[in-house]
Amino acid sequence: MPSNKTELAARIAVTRPNDGVRGLFFRVVFDMVEKVGGPQALRQVRVGPLARDINDLRTYPASDYLTMLYNAADALEHKMGPEDAVFNACGRACVQSFSKGPGQVVFGILGKGDPQRLFAQTRVAFSTVVTYGKREHRPAGPKACIITYRGDMQPPAYHVGIFEGAMEALGFKGKVTAQPIDIESVDYEISWE
């Protein structure tokens, strides 16, 4: 079943002209699409403005990033399942790359192997890779927290993948539940063992 283009249009409608995402995350998703689906899947995703060269350190429109995620869902659904599974895999791939690259400071020094400390840095970490939204961390016990996203139009399953991937990068198992409030506001309840 093709991805939900009505939802995509609604998400794009709430983006602002200066909302952007670093090229690094575009590249990571392109690499994942090609690895899972092959060159044909990548060609299916890299259409229109996504066909241009992407530089890791430049910032590109968040609306293009959304389009890329939904194109990836269409290109990979036969291999990975419904769009939320693809969005989740894209989020995981991005955080895995980030944790080994520019995010090493956040994961290694600020997080110090502790999920609570790491998730407390969500606002700082995201400010290095996107230009939109507000993120707040609130502890909900010694092994749980709630992260609130406001003004972030990415699909919740994408961020669930980021948080699950972050816990895996630290060697923890956990659970992430998204509680959508509206199309650009979500509370993420996170717990770990």
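Analyst: E77 lies in helix α3, which covers residues 62-80; helices here are DSSP runs of H or I with at least four residues, strands are runs of E with at least two, and both are numbered from the N terminus. The model is a predicted one, in which local features need pLDDT of at least 70, side-chain atom pairs count only at pLDDT 80 or more, and totals for chains, interfaces and linings use all residues. Residues are numbered from 1 along each chain as its sequence is written, and side-chain values use heavy atoms, with hydrogens and water left out.

With a relative accessibility of 25%, E77 counts as partly exposed, because that class lies between buried, under 20% relative accessible area, and exposed, over 50% (1.4 Å probe, protein chains only). When residues up to four places away in sequence are not counted, E77 touches M1 and P2; a contact means heavy atoms within 4.5 Å. The C-alpha atoms of E77 and G37 are 9.5 Å apart in space, while the two residues are 40 apart in sequence.

A89 is buried at a relative accessible area of 14%. Leaving aside residues up to four places away in sequence, A89 touches M32 and M80. Between A89 and A178 there are 16 Å from C-alpha to C-alpha, and the pair is 89 residues apart in sequence.

P155 sits in the loop between β4 (144-150) and α8 (156-170), and its relative accessible area of 1% makes P155 buried. Residues up to four places away in sequence again not counted, P155 touches R11, L66, L69, Y70 and F87. G91 is 64 residues from P155 along the chain, and their C-alpha atoms are separated by 9.9 Å.

The cysteines are the next topic. A disulfide is a covalent bond between the sulfur atoms of two cysteines. Taking a disulfide as a pair of cysteine sulfur atoms within 2.5 Å, a search of the whole structure finds 0. C94 is in no disulfide, and the nearest cysteine sulfur, in C90, is 6.7 Å away. C94 is also buried, with a relative accessible area of 0%. For C145, the closest cysteine sulfur is that of C94, and the distance of 20 Å is too far for a bond. C145 is buried too, at 2% relative accessibility.

The whole chain gives the setting for these positions. The protein chain contains 8 helices and 6 strands, and along the sequence they follow the pattern α-β-α-β-α-α-α-α-α-β-β-α-β-β. Its radius of gyration is 16 Å, which agrees with the value near 16 Å for a compact globule of 193 residues; this radius is taken over C-alpha atoms, and the globule rule is 2.2 Å times the number of residues to the power 0.38. Along the principal axes, the C-alpha atoms fill a box of roughly 45 × 30 × 30 Å. Of the 193 residues, 49% count as buried. Among contacts with a separation of 6 or more, 67% come from residues 24 or more positions apart.
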